[in-house]
Amino acid sequence: DGCGTEEAIAGIPAKKMMILNILEVLKHHSDDDHRLTQKDIISYLQNDYNMSADRKAIKRNLLNLLDCDEYQVECDSEERQMAKGETEIVCSDWYLLHDFTVPELRLIIDSLLFSRQIPSQQKHQLIEKLEKLQSEYFKSHMRHIEPMPHKEPENKDLFYTIEILDEAIIESRQVSFEYGAYGADLVLHSKLDEDGKPRRYLINPVQIVASNGRYYLICNNDRYDNLANYRLDKILNIEKLETPRKKNEAIPELKNGLSLPQHMAEHIYMFSGESTKVGFETTTAHMGDVVDWFGSDIRIEDLGEDRLRIFVMVNKDAMRHWVLQYGKAVKVVSPASFVQEIEEDIRELAKKYRI
C-alpha cells in the first residue's frame, strides 16, 4: 500500500512520511558499495511506496537526514562554481552506513548457523531478521554458507526457557524445572523421582553462558551449597517462582561474586562440582590446545626438550574427559590420587576395547 495520498498513515500525513520512506529506501537499497542518486531514490519511492516526489523535495529531505546524528546517512560532496561566480556544495551518491558491517553480520549469522541446539526453523527466522540489518545486497554474501549437517533432536522451547531465566536472574527469583535425558526413541524425557513422577528441580539461577556450541545455566540447586551447570536445551517445563533466590553469601563459590572467566576455565566441559589444582605434562606443540581450553591463567614449568609441566585449577570430571581425549599427548602428574584415577580409567578402556 502506497503513501502517495494525503491520507494519514498511523496518524502521520503522507507528505511527512517522505523522509521516513527515503530513510527506508536507503536502508534497503544502499550501502557503501551501492550508492543511490536522487533519481534512483525517486524511482524507489514510486515503486516501493507509490509516492511521487520532485528533486527539490528529495534534496531537502536528504539534507535533513544528513544533519541528523541519529542516522548515519552519507554522501559524496564537491564544491562547484556557479554561473554568477558563487560556489555551491553539491551532494551525490547517497547511502546509509549500517550499524553492522558485512563481516560483523556474517560473524553473528555464522554463530547461529553452527549452533548445535537452536532449532533449525528458529535459526532461519533469526537469520532473516539479521539480514534486514544490512542492505538487500547482503544476501549475496550468504549464498555459499551452509551449516554442518547434524541430526540431534531439538528442544523447541529453548527460547522460552531463555526468556524465563533472563527474567528470573534480573528479578532475583527462583525457578523450578524438570531436566531431561534422551531415551532410545531420541525423545527428551524428564528424569523421574523415586515415585516415578517427573522430578522438579528448585534452582537459584546465576548466569547463562555459552560453551562448546551450547547454552548452560550456572546456578545453585537449592538442596546444596555449590554451583551447578545445566544445559538449557535439556530444561523442560520451566516456571519462574515468586520466592527470592538464595543470597550469594549462602553459596561459598559466590561469596566474592561470580568470576565468569575463572568458572569457565575450571569447567571446560561444564561438569558440576568443585575444582582442584591439577598438574600435567605435555609438549610445546600442544600449547595452543591448552590455551584454547584453559586460557592464560595457568602456571607453566619448562622441563626442556619441548616438554612442559602445566598447573591448572579445573573440575576433576572435566579434566578426566580432557585427558582421555588427548591420549598420549597429555600425562597427569598431580595430585597423586587423581593420577591413580586416570590410570584406572585408562586400564578400563584398554580392557574394554582390548587395546
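Guide: A residue is called buried when its relative accessible area is under 20%, exposed when that area is over 50%, and partly exposed in between, as found with a 1.4 Å probe and with protein chains only. The structure shown is a predicted model, in which local features need a pLDDT of at least 70 and side-chain atom pairs count only at pLDDT 80 or more, while totals for chains, interfaces and linings use all residues. Residues are numbered from 1 along each chain as its sequence is written, and side-chain values use heavy atoms, with hydrogens and water left out.

The term pLDDT stands for the predictor's confidence in each residue, on a scale from 0 to 100. For this chain the mean pLDDT is 86, and 91% of the residues reach 70 or more. Residues 1-9 have a pLDDT below 50, and in the model this stretch has 20 contacts beyond near neighbours in sequence, a contact being heavy atoms within 4.5 Å. Where pLDDT is low, the predicted coordinates should not be read in detail.

We now turn to the pairs. Side chains of opposite charge can pair when their charged atoms come close. A salt bridge is counted when a side-chain nitrogen of Lys or Arg is within 4 Å of a carboxyl oxygen of Asp or Glu. By this rule there are 20 salt bridges. To place them, we shall speak of helices (DSSP runs of H or I, at least four residues) and strands (DSSP runs of E, at least two), both numbered from the N terminus.

One of these salt bridges joins Arg35 and Asp76, with 2.9 Å from N to O. The pair links distant parts of the chain, 41 residues apart: Arg35 is in the loop between helix H1 (18-29) and helix H2 (38-49), and Asp76 is in strand S1 (residues 73-81). Arg35 is partly exposed, at 29% relative accessible area, and Asp76 is also partly exposed, at 33%.

Arg307 and Glu281 form another salt bridge, in which the closest N and O atoms are 3.7 Å apart. Because Arg307 belongs to strand S11 and Glu281 to strand S9 (residues 275-283), this pair ties together parts that are 26 residues apart in sequence.

Arg320 lies in helix H9 (residues 316-326) and Glu341 in helix H10, so the pair ties together parts that are 21 residues apart in sequence. Arg320 is buried, with a relative accessible area of 18%, while Glu341 is partly exposed, with 27%.

Glu167, Glu171, Arg173, Lys240 and Glu242 are linked in a network of them.

What, then, of a charged residue without such a partner? Glu266 is buried yet has no salt bridge. In the count of charges, Lys and Arg are positive, Asp and Glu are negative, and His and the chain ends are left out. On that basis the nearest side chain of opposite charge to Glu266 is Lys277, 12 Å away. Glu266 lies in helix H7 (residues 260-266). Leaving aside neighbours within four places in sequence, Glu266 is in contact with Ser275, Met313, Val314 and Asn315.

Asp93, in strand S2 (residues 87-96), has phi near 55 degrees, a positive value in a residue other than glycine. Asp93 is partly exposed, with a relative accessible area of 29%. Asp306 is not a glycine either, and has a positive phi of about 65 degrees. Its place is the loop between strand S10 (299-304) and strand S11 (307-315). Asp306 is exposed, with a relative accessible area of 52%.
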